[in-house]
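Q: Could you walk me through how to read helix packing and salt bridges in a model like this one?
A: Happy to; let's open the structure and take one feature at a time.

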Amino acid sequence: MAKGRRWGSRGDSIVLMLLIVAAGSICTSATNFQPVSDAHRSAAVELFTPVDGSFASIEDTYEAVQIFKILGIEGKGDVRGIACSLVSEVLGTSSSPLKELFYAVKVSSLLKCDAKDSHFEVTASILKSIPSDAKSLNDLYYSIVGLALIKNQIPEADVLLDDVDGIFQAIKALSQSDGRWRYSSDNPVSSTYAAGMALEALAGVISLATNEIEQPKINAVKSDILKLFDSIEKYDDGTFYFDDEAGSVSPLATTSSVVRGLTAFASSASGPVNLPEDTILGLTKYFLSIGVPGDAKEFFNQVNSLSCLENSRVSVPLVLTLPTTVVSLSSKDKLKVKVTTALSSRSPPLKVKVVQAFISGSKDVSVIENQELVFDEEGSLHVLDLPASIDVGKYIFAFEIVFHNSKDGKIYATGGQTKVPVYVSGAIKIEKAEIFVLDSDIGSIGTRKQLNFETENDVSLAANHLQKLRLSFQLSTPQGNVFKPHQAILKLKHEKSEHIFVVGNSGKQFQVILDFLGLVEKFFYLSGRYDIQLTVGDAVMENSFYQVIGHVELDLPEAPEKAPRPPLQRRDPFSRYGAKAEISHIFRAPEKRPSENLSLAFLVLTLLPFLGFLVGLLKLGLNLKNFPVASVPAMFAILFHVGVGAILSLYALFWLKLDLFTTLKGLGLLGVFLMFVGHRILSHLASSSAKLKSA
């Protein structure tokens, strides 16, 4: 069942070409899946590095540790110390929930934490007591898988199950006829996600059994697996996935659960689990098609599932990828192919063949058949020199992997032929480009202008409503064949409207004729200047361009009374942030100032009161006889006079430099200070005066 998924300058030409490639990729099933790369490692560091020295939960701790181990990331913070400390805390608490015990054991099995043996003994005892009385698949899963992990870490631990057949049957009893599982006997709803948990739990039962499980029971589970895979979904590009319609679990989490369960069961059960190669490779492609997830949980499900597939006993998928799907004839590029595992590990010795290469849409005409690529050991790439006869266009290459050692074919899954779209690009020849105005009645050429799209053009034309405008040019491939670009568009742009016309073709000849008599209404009878813009581009056209080639002055008749009006032009929302118009302002001429002598006379008059104040102090007999002698009153007296001087200085600064608000702030602070010290010194003087009178 198929479902939907998830310009003038050289720089402008490149941008235009990339946009066209992107548009084309939307319409084509993407089959060039890239394996896990350094981009995943960079994202893992950002998503899983502990925040403020700790992880949010023991589950998050396990996911971080597992991802760092799979991707070989080391030295990013004290992850081991933080994780093992949390493991000791969880295992050392008798009341820890079952789920936390499960993940604590998982973290310890990865890091080999130095937890106390007594903690593992207590945890094993708790987990071992659960399966016999478990009422749900979750309890069975956490307890059994946890016991299996303890067994791998501490072989002498008492973790073997007593009633293996009963527990195996209890889990099997929750299975359904379609291969899905229920979470409990009381819940009739079956789930694909639960099927993955059940398979992983059954794998744990097999590893914890004192005797080998009967083969008919193992075969019954394998039959359930095949039934489960009968309901697998797939996209048109060969990706396979599972969807859990019973709950709110995403397809990624569901598929990841099934893969973990499948690989765990295949590793524990005797005999192979026979699944088609294209199914295993389709699951791998599904995980790789996600790219680099930005969510930690999705990232874990993707990378952990790919690791399970790479280390499984079912089949190890190999991924054939192209570092680039665009090959340039101008640069004489070679077609390069790389074959690795999903985690970018090296593949076994093999060779890659192009079984067939054909132009997209014409499968019957092959340009390459049964050609082997040359292996470049230095770059671990398989390289193909394109034949001289190949022309620009979009091709479909069908590759096939052949192992040097036939035994590797039983270990690795290649999925048969791998089809990848390849864009062969080149410089398109643009010839006989011209633009001219035709007389509508007799077809005579009024003004002819030659165009050269390799340089800038600036033609100037004039026409009225009785004339026509014709633009024509020829396009051909490097091999001289007809080339039809994805886009050939002519635009006429007026200050109040713009109009787009598709440039048609007949063979190599492209032309468009605009009859202004029939376009006056479409042009809203707007006379004036129209800029002429031409866009020619394609995914395989290296010299795609968008160019303003000039303008035409149109003289159209006056609009009738009921003629349509041009639509309102859309305003650029960012125009408000642009440069504003310059504001011109003429200030009022300053008033005439008084003469210098008059200003000096006024200054003398303002200083006379101060001089009178000084003379008055001398007449009154100013002295310091009452200045306090004691240290504390003397200090307050000095501070009082300093405060008065500071206020006078503040007045001077206000006159010379400060503004009113700054002056008032300073005056307020100095006023409070002066009031405090003034009150203390006046209190001292009053007390001294009272003592003199009483004496």
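**Helix packing and salt bridges**

A: Let's start with a pair of helices: helix 3 and helix 5 cross in a left-handed way. Keep in mind that this is a predicted model.

Q: How do the axes of helix 3 and helix 5 run relative to each other, roughly parallel or roughly antiparallel?
A: The general idea is to look at the angle between the axes, where anything under 35 degrees counts as roughly parallel. Here the axes of helix 3 (residues 58-71) and helix 5 (residues 98-111) cross at roughly 25° and come within 9 Å. Helix 3 is therefore roughly parallel to helix 5.

Q: Which residues meet between helix 3 and helix 5?
A: From helix 3, the contact uses I58, E59, T61, Y62, V65, Q66 and K69. Their partners in helix 5 are K99, E100, Y103, A104, K106, V107, L110 and L111. Sorted by class, this contact has eight nonpolar, five charged and two polar residues.

Q: What does K128 pair with?
A: K128 forms a salt bridge with D158, at 2.9 Å from N to O. This pair links distant parts of the chain, 30 residues apart: K128 is in helix 6 (residues 117-128), while D158 sits in the loop between helix 7 (137-153) and helix 8 (164-172). D158 counts as exposed because its relative accessibility is 57%.

Q: Where do K334 and D385 lie?
A: Their side chains meet in a salt bridge at 3.7 Å, N to O. K334 is in the loop between strand 6 (326-328) and strand 7 (335-341), and D385 is in the loop between strand 11 (381-384) and strand 12 (393-403), so the bridge ties together parts 51 residues apart in sequence. K334 is partly exposed at 44%, and D385 is partly exposed at 47%.

Q: Is E434 buried or exposed?
A: The cut-off for buried is under 20% relative accessible area. E434 has 16%, so E434 is buried. Its salt-bridge partner is R448, at 2.8 Å from N to O. E434 belongs to strand 15 (residues 429-439) and R448 to strand 16 (residues 445-450), so the pair ties together parts 14 residues apart in sequence. R448, at 41%, counts as partly exposed.

Conventions. Residues are numbered from 1 along each chain as its sequence is written. This is a predicted model: local features need pLDDT of at least 70, side-chain atom pairs count only at pLDDT 80 or more; totals for chains, interfaces and linings use all residues. Side-chain values use heavy atoms; hydrogens and water are left out. A salt bridge is a side-chain nitrogen of Lys or Arg within 4 Å of a carboxyl oxygen of Asp or Glu. Helices (H or I, at least four residues) and strands (E, at least two) are DSSP runs, numbered from the N terminus. Buried means under 20% relative accessible area, exposed over 50%, partly exposed in between (1.4 Å probe, protein chains only). Axes are lines fitted to C-alpha atoms, for helices over the stretch in contact, and angles run from 0 to 180 degrees between N-to-C directions. Angles under 35 degrees count as roughly parallel, over 145 as roughly antiparallel, 65 to 115 as roughly perpendicular and the rest as oblique. A crossing is left-handed if the near helix is turned anticlockwise from the far one by less than a right angle, and right-handed if clockwise. Contact means heavy atoms within 4.5 Å. Ala, Val, Leu, Ile, Met, Phe, Trp, Tyr, Cys and Pro count as nonpolar, Asp, Glu, Lys and Arg as charged, and the others, Gly among them, as polar.
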